[in-house]
Amino acid sequence: MATDLLVVEDLKMYFHTRDGVVKAVDGVSYTLNKGETIGVVGESGSGKSVTAMTMMRLIPMPPGKVEGGDVRFNGESLLTLPEDKMRAIRGNRIAMIFQDPMTSLNPVYRVGHQLAEPLMLHKNLSKAEAWKRATELLEMVGIPHPESRVKDYPHQFSGGMRQRVMIAMALACDPDILIADEPTTALDVTIQAQILELMQELQQRTGSAIIMITHDLGVVADMADRILVMYAGKAVEYGTVDEVFYSPSHPYTWGLIDSLPRHDMTEKGELCPIKGQPPSLIQVPSGCSFHPRCPYAKDRCRTEIPASRTIDGSHVAACHFAGDPGFTRTEMACAGVNVG
Amino acid sequence: MKKDSPQMQQEQDRKTAEATAAADTAYDALSASPSRTLLGDAWHRLRKNRLAIVAIIWIIVMVIAAVTADLWVPQRFGDPITINTQTLTADRLLPPQLAHPFGTDDLGRDVFARVVYGARFSLAVGLIATAISIVIGLVLGALGGYYGGFTDTLIMRTADVFFAFPYTLFAIALVAVLGPGFINVFIAIGVLGWPSIARVFRSSIFSVKSQDYVQAARALGASDIRIMSRHIMPNSVAPIIVYGTMSIGGAILTEAALSFLGMGIQPPTPSWGYMINASTKFMTTAPWLMLWPGFAILTTVLSFVLLGDGLRDALDVKMKD
């Protein structure tokens, strides 16, 4: 299809370590259309970032190894592309925003220099042109006095401002896809909202597609068109925002939603966390990898790996019982998990 | 009510203007400290370190004296090399006096002139030998640190072999093989110095390599060489500047030791190490003979070490004032 900008197909990225094989990404598929936003959510270590890094080919290999699947960008497989062609895509067609703005800017260069770098690398701009564009970019991301700030060093910026600079850097070459790897995790709540708003605004202006990686459902609820929920390297639920939020079908997604504070909660009402820890990716539990933490687990879950079941349309969930009429989230699930 | 609307508009405008002005003031207050460069910052911190400043001044004085020696030393104090046979007996082993501030040696030559000329060789050895070490050390350390794996193992085990030999003995052995002389001393000291530099640089690269901004540069599509030279190098070079400055002192010391043992520059060319060696015979009768070159070695080496120490503090980005 012409509209499919990025197709991730059954991607598997394993790390071969001394302790064993870490199945960081184990069969993840999704498609991203032009100008669309997809939210990738899941706990720490569920393989969200590794999925993105794999498509950017930023994973050191070894120890990493792509064990299967494909990533196609405009129909071209990124995984087999020669390194120089891949370099022309990185930062140019697909750009990335990192989690921690405090450490993602090089402390020895002026901000303008760092903004100018992708422009000089990909657009063959002269130094003067690139710096001029850098000033415009700073203005675009809402930094006051861009003409003088462009000559400042990163340590003269606050965290929120630095994240704005990172966004400006990523958008410098008008990329088709912007990968935002937990862009607001290191920022405080008010700045988070500003940054998200800025990203939405710029997306409308530039038409970039966004892959938003986060562990915060609240972040993607607002921005994303579709949501991919990951657990232990696998996609457990995939669908539009409305499908995932209003008719979640996987017990893990239920758990994630239940662990969010809600408006209608009483003051003393307890949050309902998901019991236990994410599993080690070296020894993934047999059957459904979520079964040790799943309050609905049955014998079948312990032995049989669930296949993706279509709920309706594009909405799929990897649970044996997803979509079964009798299999619904009980209001008591929270209390049941919490007791003890 | 018609009147209200423009008034309200004005009120709104005024408020906006006030808010903007307030933001501007806040911004100006924040950026009150002028935007300095990193090196400017370092110099600012270094200037506060008195010892380092004294060391810099002393090094500058030595360098100027050594470079301009031909212009004033022979005219004022006599030739540091040739022996004047006519005045030899009269000028032998004179104690310090106005005409000869450091006295004269057993061959009637002015000790001050010889110390100044000796500085030429000592400083040259210090700078050139260290430069050789740094070039070899940076390249090998960078290769090992950036690529890791087998390359790294090979380079670091080779460095370990170098470390396994006693430094001075190794230097003597190298000079013995190459033959004593100006160039060979440079080579011997320079070649022996690289393992420490490579090791320091490698570990510094290892820590910088895993920084987010290196990953970010890669995500922007920068090539290996660009990442290495533009992003990793500038962030890991500070320890090398410090270590390099200190090893200039070390190289001078090694050269003095080699010359003392007769393996360095050959007489009659003046060299601090050899001057001390020659003066041991007159230790009791003319102690100043060994005192002056010893003093020269001490102060020069100390200056480089103190300067290195000062640079370590000055280049530390975490020390914000």
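The buried residues of helix α3 of chain A are covered by elements that include α2, α4, α5 (146-149) and α6 of chain A. Here helices (H or I, at least four residues) and strands (E, at least two) are DSSP runs, numbered from the N terminus. This is a predicted model, in which local features need pLDDT of at least 70, side-chain atom pairs count only at pLDDT 80 or more, and totals for chains, interfaces and linings use all residues. Residues are numbered from 1 along each chain as its sequence is written, while chains are lettered from A and ligands numbered from 1 in the order in which they are written.

Of the 12 residues of α3(A), 10 are buried, so this helix is largely enclosed by the rest of the structure. A residue counts as buried if 20 or more other C-beta atoms lie within 10 Å of its own, as exposed if 12 or fewer do, and as partly exposed in between, with C-beta atoms placed from the backbone. The buried positions of α3(A) are A:V111, A:G112, A:Q114, A:L115, A:A116, A:E117, A:P118, A:L119, A:L121 and A:H122. After α3(A) comes A:N124, whose phi is positive, near 55°.

Helix α4 (residues 127-140) of chain A holds A:E136. A:E136 has 14 other C-beta atoms within 10 Å and is therefore partly exposed. A separation of 9.6 Å lies between the C-alpha atoms of A:E136 and A:V150, which are 14 residues apart along the chain.

Chain A also contains open sheets. In one of them, 8 strands follow the order β6-β7-β8-β3-β9-β10-β12-β11 with mixed pairing; two strands pair if DSSP finds at least two bridges between them. Its edge strands, each pairing on one side only, are β6 (94-97) and β11 (309-312) of chain A. Direction ignored, neighbouring strands of this sheet are turned by 20° against each other on average. Helix α6 (residues 159-171) of chain A packs on the sheet, where it touches β6 and β7 of chain A, and its direction makes about 175° with that of β6(A). Such angles run from 0 to 180 degrees between N-to-C directions, and axes are lines fitted to C-alpha atoms, for helices over the stretch in contact. β6(A) and strand β7 (residues 177-181) of chain A run parallel and are joined by 4 bridges. Opposite A:I97 stands A:A180 in β7(A).

A further open sheet of chain A has 4 strands in the order β2-β1-β4-β5, with antiparallel pairing. β2 (20-33) and β5 (76-77) of chain A stand at its edges with a single partner strand each, so one side of each is left without a neighbour in the sheet. Within this sheet, strand β1 (residues 4-17) of chain A and strand β4 (residues 64-73) of chain A run antiparallel, joined by 8 bridges. A:K12 is placed opposite A:G68 in β4(A).

The two chains meet through 26 residues of chain A, which are in contact with 19 residues of chain B; residues are in contact if their C-beta atoms, placed from the backbone, lie within 7 Å. On the side of chain A that touches chain B, the elements giving two or more residues are α2 (83-89) and α3 (111-122) of chain A. α3(A) gives the most, with 4 residues. This side of chain A divides into 12 nonpolar, 8 polar and 6 charged residues, where Ala, Val, Leu, Ile, Met, Phe, Trp, Tyr, Cys and Pro count as nonpolar, Asp, Glu, Lys and Arg as charged, and the others, Gly among them, as polar.

Chain B has 13 helices and 0 strands. Of its 321 residues, 38% count as buried. Among the contacts in chain B with a separation of 6 or more, 71% are between residues 24 or more positions apart.

Two helix pairs of chain B may be followed in detail. The axes of helix α7 (residues 167-178) of chain B and helix α11 (residues 238-260) of chain B come within 11 Å and cross at roughly 60°. That makes α7(B) oblique to α11(B), since angles under 35 degrees count as roughly parallel, over 145 as roughly antiparallel, 65 to 115 as roughly perpendicular and the rest as oblique. The contact is made by B:T168, B:A171, B:I172 and B:V175 of α7(B) with B:T254, B:A257 and B:L258 of α11(B). By class, this contact has 5 nonpolar, 2 polar and no charged residues.

For helix α9 (residues 212-219) of chain B and helix α10 (residues 224-236) of chain B, the axes come within 10 Å and cross at roughly 150°. B:Y213, B:V214, B:A217 and B:R218 of α9(B) make the contact with B:I227, B:H231 and B:I232 of α10(B). These residues divide into 5 nonpolar, 1 polar and 1 charged.
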